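Take a look at the model first.

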Amino acid sequence: MSPIALGSPVHRYTHLDGLKKLDPDALDGFGTRAIHVGSDPDPNTGAVIPAISLSTTYKQDGVGNHKGFEYSRSGNPNRSALERTLSSLESGGAYALAFASGSATTATVLQSLGPNAHIVSVNDVYGGTFRYMTRVAQENQGLETTFVDLENADEDQIISAIRDNTKLIWIESPTNPTLRLIDIPHIVSIVKSHRSRPLVLVDNTFMSPFYSSPLLYGADIVLHSLTKYVNGHSDVVMGAVILPSHHAALRDRLAFLQNAIGAVPSAYDSWLAQRGAKTLHLRMKEHGRNALLVARALEKNPYVKEVIYPGLVSHPRHELARQLLPPHAARFVQAEAEHNPDGSFPYGGMVSFRIRGGLEESQRFLSSTRLFTLAESLGGVESLAELPAHMTHGSIPPAERAALGIGEDLIRLSVGVEEGADLVWDIEQALRVAVEGSA
């Protein structure tokens, strides 16, 4: 495993497995790495922010003698800088590869498994991932997927789902949109005991590298839709995978496919995403604080049936959420404890809730908010709201949506970084209009 990002003057976490050496970057805190890693001043001009390299091709001093770049699909200075930043932010990471979208990232990973493979996926998976697994990979490469409730399944159920040709376990935690929390270390320990030893992938989009570090839990691959929190400004579509140092061969395989398929991000998008990542630690703290405020307000609201936010002390997996916090997030949560005497804590910016009523009330709520914009996606500085059953998860068959609890009363919020009190006011007035039927 690569050097662990410590971020503590006394380095209390040097006992973590796989820690072999410390490089200067690894000794810096999360926010320091976000700002500096991959952003060295330009040696020629002294510019402290990397320039945007729009060139598609690069001069060679002789045949095959170049400065690390030949053709922009194969490699670009801005993409390389972003990938270095990402591998540093995802604690335990050594390699990162950026792609043109989160869906392109998903497609590349699944294509790397080859024909007639089998995977086990959490059942409450993002609708686009479900669509690719069942409508594209299944038809084009014979991929079979077994969907399992990884939140509640016992060891025997998980083991029985794994076959000799199982190549990958696909985890989202928290899941989208019901925010089910998966015990990643527990799943890893079960999977690694099976003779087929499939890889474990965690889609870490909802938590971002700030609130979760799956590589430290034993995961083999971390996937992000960088469109969401890492970029954070709703102006880039991009994805990435991050791997630990012992997966150099897997990195090379995915890098080959990255180049061969060509689903790579532009230099400008890479530059924007790296700029966004520089404030990730600041934004995630405020996303978490605001989400906790909103979740508490929803919990008290008579027009709400259920609130789903693992940071609430009332959430059934609250303690697991606390246990899974990486060191830097745990320190932030501890510092916030004086403001949260009930034991609740900020845990990302996603909140889901069930409104009293059904489709009519949900639609009225979504058309009555002033600050929460009705839109798909998440993780930007602005607050968004959506109806998963008819939007992000519309591609999942109705019976399966119902079994997952994705009904027409379930509303998903991406809580932004506006003033928290304003967001609470907006939610409360929209709920009143939605259920009572008048402004």
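**Fold, charges and backbone**

Serine 208 is buried, with a relative accessible area of 0%; buried means under 20% relative accessible area, exposed over 50%, partly exposed in between (1.4 Å probe, protein chains only). This is a predicted model: local features need pLDDT of at least 70, side-chain atom pairs count only at pLDDT 80 or more, and totals for chains, interfaces and linings use all residues. Residues are numbered from 1 along each chain as its sequence is written, and side-chain values use heavy atoms, with hydrogens and water left out.

Q: What is the phi of serine 208, and in which helix is its place?
A: Serine 208 is not a glycine, yet its phi is positive, at about 70 degrees. Helices (H or I, at least four residues) and strands (E, at least two) are DSSP runs, numbered from the N terminus. By that numbering, the place of serine 208 is helix α7.

Q: Serine 234 also has a positive phi; is serine 234 buried, exposed or partly exposed?
A: Its phi is near 55 degrees, again in a residue other than glycine. Serine 234 sits in the loop between β6 (221-225) and β7 (239-243). Its relative accessible area is 44%, so serine 234 is partly exposed.

Q: How many helices and strands are there in the chain?
A: Helices and strands are counted as DSSP runs. The chain has 15 helices and 12 strands.

Q: What radius of gyration does the chain have?
A: The radius is taken over C-alpha atoms, and the globule rule is 2.2 Å times the number of residues to the power 0.38. The C-alpha trace spans about 75 × 50 × 45 Å along its principal axes. For 439 residues, a compact globule would come out near 22 Å; the chain agrees, with 22 Å.

Q: Among contacts between residues at least 6 apart in sequence, what percentage join residues at least 24 apart?
A: Contact means heavy atoms within 4.5 Å. Of the 439 residues, 56% are buried. Among contacts between residues at least 6 apart in sequence, the share joining residues at least 24 apart is 72%.

Q: How much of the accessible surface belongs to carbon and sulfur atoms?
A: Areas come from the Shrake-Rupley method with a 1.4 Å probe; for residues, only the protein chains shown count as cover. The chain's accessible surface comes to about 17,800 Å². The part that belongs to carbon and sulfur atoms is 52%.

Q: How far apart are the mean positions of the positive and negative charges?
A: Lys and Arg count as positive, Asp and Glu as negative; His and the chain ends are not counted. Each charge is placed at NZ of Lys, CZ of Arg, CG of Asp or CD of Glu. The chain has 38 positive and 47 negative charges, and their mean positions are separated by 4 Å.

Q: Which residues are linked with Arg354 in a network of salt bridges?
A: A salt bridge is a side-chain nitrogen of Lys or Arg within 4 Å of a carboxyl oxygen of Asp or Glu. Arginine 354 meets glutamate 306 at 2.8 Å, N to O. This pair links distant parts of the chain: strand β9 (residues 350-355) holds arginine 354 and strand β8 (residues 304-308) holds glutamate 306, 48 residues apart. The network links Arg354 with Lys305, Glu306 and Asp409.

Q: Which residues does histidine 328 contact, leaving aside its neighbours within four places in sequence?
A: Histidine 328 is found in helix α12. It is buried, at 10% relative accessible area. Cover for the buried residues of α12 includes α1 (30-36), α7 (208-211), α10 (280-300) and α11 (318-323). With those neighbours left aside, histidine 328 contacts Phe30, Ser91, Pro209, Phe210 and Ser213.

Q: Where does proline 174 lie, and where is proline 177 found?
A: The peptide bond from serine 173 to proline 174 is cis, with omega near -5 degrees. The bond from asparagine 176 to proline 177 is cis, with omega near 10 degrees. Proline 174 lies in the loop between β4 (166-172) and α6 (184-192), and proline 177 is found in the loop between β4 and α6.
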